[in-house]
Every structure is written in structure tokens, then in C-alpha cells.
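Subject: A structure for you to explore

Hi,

Here is the structure I promised you, with my notes below it. Please open it beside this email and look up each residue as you read.

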Amino acid sequence: GFNTLFISYVFQFNAIDEDFETSKLKKVMDMAYAEGLECFVFETNLHRLTGRRHSLIDAENADGENIFATEEELEKYVARCLKPLMSHPAFIGVSTRDEPYKSMFTAYGQAYRAMKKIKPDLYINANIDLGFWEPNPEEETEEEKKLGPIEKFKSNLEKWYGTVTPDFLQYDSYPIRYRTKNKEFLNGRSITPTVLAAYCLAGEFSRERDWPLGVVMQACEFKVPTAGWGCCRTTESDMYWQNNLAMAVGTRTFSYWSYFPVVNSAGEYYDDSASIVDTFGRPNELYRVLQKMHEEMQKTAKVLTRFKYDGVKLYTTERIPGDGEFIRVLEETLENGVISSWKASKISGVELLEDGALFISEMKDYETGEVGYYIVNATDPTAKTSQTAIISFGNAKSLRIYDKGEMRVEALQDGRIDLRFQTGAGIFVIPQ
């Protein structure tokens with residue numbers, strides 16, 4: 001179900017110094033085009049410019065490569081980098097500095113606008129970290145240091161929007177981690193505590209600015225022993241859990257990195273069998289999972305893409321199986337008003353019959369006024385829970401239910417219905 005290929009730094013290309021016609025990159029693009037895939041690529045100069053920690057415009061220190069005298073000079077340089085790539089029919093865009101730090105926003109924005117000036121429809125893979133981790137605490141203001149993680153994320157999103165002015169928002173999501181203590185790997189798994197709250201904030205932020213929302217979703221296993229953390233192999237339940245929660249906040253494009261069994265400078269060790277395909281392009285188990293999941297997504301895409309995320313409510317029992325910290329962080333963030341709850345315009349009651357957490361986002365078609373709800377069993381997928389909920393939809397007579405690509409209509413009894421959710425399961429419903 002994929003339609004776009006990121007040709008990574010393994011086949012990087014320097015448009016200033018290399019001949020595109022004889023490059024390895026072109027050979028890969030030719031093969032991708034033959035399979036009907038569009039491509040965005042790793043051009044080394046554009047990648048370098050979007051990772052600078054200083055302004056790219058400085059007449060006194062201009063060198064024509066890292067710093068430029070004027071915006072026009074920067075645009076001429078960017079045009080040289082794009083020109084050979086634009087001739088290929090598979091080319092749609094470029095990869096930029098991954099997860100840029102706040103100190104890179106100025107240069108990133110200058111390079112971003114120059115690229116758009118040359119080719120307005122250029123896809124620029126601007127991929128952010130949900131925390132905008134900054135390695136130099138000295139670069140934070142005293143006020144920023146006082147902010148909690150979600151408040152800091154919100155502040156950084158506002159800076160990203162104001163400085164870079166991108167035309168979409170895409171975030172990294174690698175929430176299923178090894179349990180560790182003092183850099184020692186323990187048995188079991190954990191969930192990144194801020195993941196749900198950050199999802200909701202990204203959804204809210206993109207809706208307010210009419211940004212398309214995308215995610216790069218965890219589909220790998222690796223360890224970073226030097227840092228004492230790593231991402232666990234993802235199961236079918238994990239993928240549905242990630243996918244449903246992302247769609248529930250309005251995410252509409254889905255990307256995945258495939259990691260291969262190499263050791264890089266960060267000391268990351270990848271398990272080849274945990275990716276979508278192995279080093280030789282052979283499908284792993286995850287390939288089949290995603291193939292099925294994407295097919296289901298496409299069946300309901302025409303309906304779901306009409307609706308925009310409009311807030312969330314979380315329903316929990318006193319006991320939450322598995323790792324419950326990420327559930328508590330979302331509850332606190334909602335209580336503090338950092339992200340918005342919906343006004344419960346259609347749902348009048350929710351009763352959980354089994355331990356766990358139910359995530360319900362309200363979604364609205366702003367053209368027709370129609371309201372729907374995306375309902376997800378948000379409990380830690382490691383816990384292998386099921387959840388039965390009795391949900392009341394006020395005066396509604398029936399419920400249109402979209403579940404794994406299939407649509408059915410169920411009658412409501414006095415506005416109520418019993419719904420059952422397996423691990424990671426989610427449905428989209430429209431009361432009628």
C-alpha cells in the first residue's frame with residue numbers, strides 16, 4: 001500500500017559536485033519509477049543547510065556555500081541543488097535535517113522558503129521530534145526551563161510555525177520502549193509518558209492552522225547501549241494501537257523507517273527481522289501486517305478525511321493494566337487546559353466494564369457540521385486487554401460504525417450501545 005519511497009543517505013547525492021546521470025541515486029529512482037513509486041531524496045547540500053545553527057544570510061561572512069550575502073544568492077544555490085533532480089519523473093521532494101533543534105529553526109526556515117521559491121509544489125520532509133530535544137540547556141531561556149514537557153512542546157511548535165512557516169506538520173513517534181534503569185536493559189516494555197498528550201497537541205495545532213498532519217511510526221527494534229534506551233519490536237496489536245491513536249487526532253499520512261543491522265556512530269543495534277523488509281528486500285512479518293492495515297485504512301479514507309480533530313476525552317478505570325503513566329500524563333494535561341476536551345455534543349455517557357482506558361476524540365466535518373467520534377482502546381498494548389464500554393449517544397437512533405475498513409449500521413437502544421475493543425483496536429462512529 002505504499003506510494004512513496006524515501007531514498008535515504010545510503011544513496012545520498014551532491015548536486016554541486018556529482019553528475020546525476022551516472023549517480024547511484026538515479027539508478028534507484030529509475031527502479032522506483034518503474035514500480036510506480038514517487039521519491040523524495042537525500043541531497044547533501046540542502047540537508048546541510050537545514051541543520052545550521054546560524055542564519056544563512058550574512059553579507060559580511062558570506063562564503064556562497066554555508067552563508068550567503070542575500071536571499072537571492074541562497075535561492076540561486078538552492079536552484080543548483082534542485083535542478084538535476086527535477087528532471088526525473090519520480091522526483092517529488094527532498095529530505096531535510098531530521099528532528100531539528102530549536103537553534104536550527106532560523107536556517108531551516110530560510111532554506112525551506114528558498115526551496116519553495118524555486119519549486120512551490122516541492123515536498124520537503126520536515127520531520128520533528130515531539131519534544132524538540134535541545135542538547136544545549138544554555139540555549140533555553142529561564143522561562144522555558146520552567147515549562148513541563150507538553151508546555152515546552154507547545155512553545156516549540158509555536159516557534160516552529162512562526163520561524164519556518166511550513167505547509168504541513170509531521171512528527172516522529174517511537175513510543176514502545178525497552179524498560180531500563182541506570183542504562184541497564186530490564187525485562188518488559190514501557191510507553192513514552194508524553195506520547196498521547198503530544199499526539200493530541202499536534203492534532204490540535206494542525207487543525208487550528210489547517211495543516212495536513214503526518215506521522216513517522218515505529219516499525220523497528222533497536223538498542224542504544226551507550227544511552228541506555230531502545231525501541232522494542234512492534235507486534236500487530238502495537239501497530240493498530242499506534243495507527244488508531246494517530247488517526248484519532250487527525251493524522252492522515254503515515255511513514256515508516258526501515259532500519260538495517262548495522263552499528264552506527266550512535267551505537268544503535270538494529271534487528272533486521274523486525275523491520276518491514278530485511279536488508280535484501282524480503283518481506284518480514286510486519287510487511288503483511290501493514291499491507292492489511294493500509295488496505296483497511298484506504299476503504300474508509302474518503303469518509304474519515306472529511307473530518308477534523310476537535311478535542312479528546314479520556315475514560316479510565318481505577319486500575320489500568322500495563323504501563324499507565326502515559327495515561328496519567330494525558331489526564332493531567334487535559335486538567336491543566338494545555339490541550340482541549342470536546343464539549344460532548346453527542347455523547348452523554350460512557351461506562352467501562354473492564355479495567356483500562358478508552359480514548360475518544362470528537363471529529364467534525366466543518367462543511368456539513370456532521371460530528372463523529374474515533375474511539376480507541378488506549379491501554380498499553382503490552383497488557384493484551386479487551387475493553388467493553390456502554391456508550392450513550394443522547395437522542396441518536398442509530399450508529400454508523402467504520403471498523404477495519406468495513407461499515408455497518410447498528411440500532412441504539414434508548415441511545416445506548418455496547419461496544420467491545422480488543423488490544424489496540426479503534427473504530428470511527430457517526431451518531432444518526
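A nonpolar core is a set of buried Ala, Val, Leu, Ile, Met, Phe, Trp, Tyr and Cys residues joined through side-chain atoms within 4.5 Å. Buried stands for a relative accessible area under 20%, exposed for one over 50%, and partly exposed for anything in between, with a 1.4 Å probe and protein chains only. Please keep in mind that this is a predicted model, where local features need pLDDT of at least 70 and side-chain atom pairs count only at pLDDT 80 or more, while totals for chains, interfaces and linings use all residues. Residues are numbered from 1 along each chain as its sequence is written, and side-chain values use heavy atoms, with hydrogens and water left out.

**The cores**

The largest nonpolar core holds 101 residues. V41, Y171, M239, Y256, L330, F359 and F428 have the most contacts inside it. Helix α7 (residues 195-208) supplies the largest share of this core, nine residues. Helices (H or I, at least four residues) and strands (E, at least two) are DSSP runs, numbered from the N terminus. Apart from this core lies another one, of 21 residues, and Y315, I347, L358 and V371 are among them.

Contact means heavy atoms within 4.5 Å. Not counting residues up to four places away in sequence, M239 touches M217, Q218, A219, T234, Y256, L286, V289, L290 and M293.

**A buried charge**

Next, find D172, in strand β6 (residues 169-173). A salt bridge is a side-chain nitrogen of Lys or Arg within 4 Å of a carboxyl oxygen of Asp or Glu. D172 does have a polar contact of 3.0 Å, side chain to side chain, with N127. A polar contact is a pair of N or O atoms within 3.5 Å; within protein, one must be able to donate a hydrogen and the other to accept it, and residues adjacent in sequence count only if both atoms are side-chain atoms. Leaving aside neighbours within four places in sequence, the residues in contact with D172 are D98, E99, N127, I128, L130 and V216.

**Salt bridges**

Side chains of opposite charge can pair when their charged atoms come close. In the whole structure, a search finds 26 salt bridges. One of them joins the side chains of R189 and D238 (2.8 Å, N to O). This pair links distant parts of the chain, with R189 in strand β8 and D238 in helix α8 (residues 236-248), 49 residues apart. D238 is buried, at a relative accessible area of 0%.

The side chains of R233 and E221 also meet in a salt bridge (3.4 Å, N to O). R233 is in the loop between β11 (229-231) and α8, and E221 in the loop between β9 (213-217) and β10 (222-224), so the pair ties together parts that are twelve residues apart in sequence. R233 is partly exposed, with a relative accessible area of 35%, whereas E221 is buried, with 16%.

A further salt bridge connects D365 and R306, whose closest N and O atoms are 2.4 Å apart. D365 sits in the loop between β16 (357-364) and β17 (371-377) and R306 in the loop between α9 (285-304) and β14 (308-316), 59 residues apart. D365 is buried, at 5% relative accessible area, and R306 is partly exposed, at 34%.

Two strands pair if DSSP finds at least two bridges between them. Strands β7 (residues 176-181) and β8 (residues 184-191) run antiparallel, joined by five bridges, and T180 stands opposite F185 in β8. The two strands form a hairpin with two residues between them, and N182 in the turn has a positive phi of about 50 degrees.

Where is the next hairpin? β19 and β20 form it, with two residues between them and K404 in the turn at a positive phi of about 50 degrees. Six bridges join β19 to the antiparallel strand β20 (residues 406-411), where A411 is the bridge partner of S398. Strand β19 (residues 398-403) is mostly covered, with five of its six residues buried. Four bridges also join β19 to strand β22 (residues 426-431), again antiparallel.

Happy exploring!
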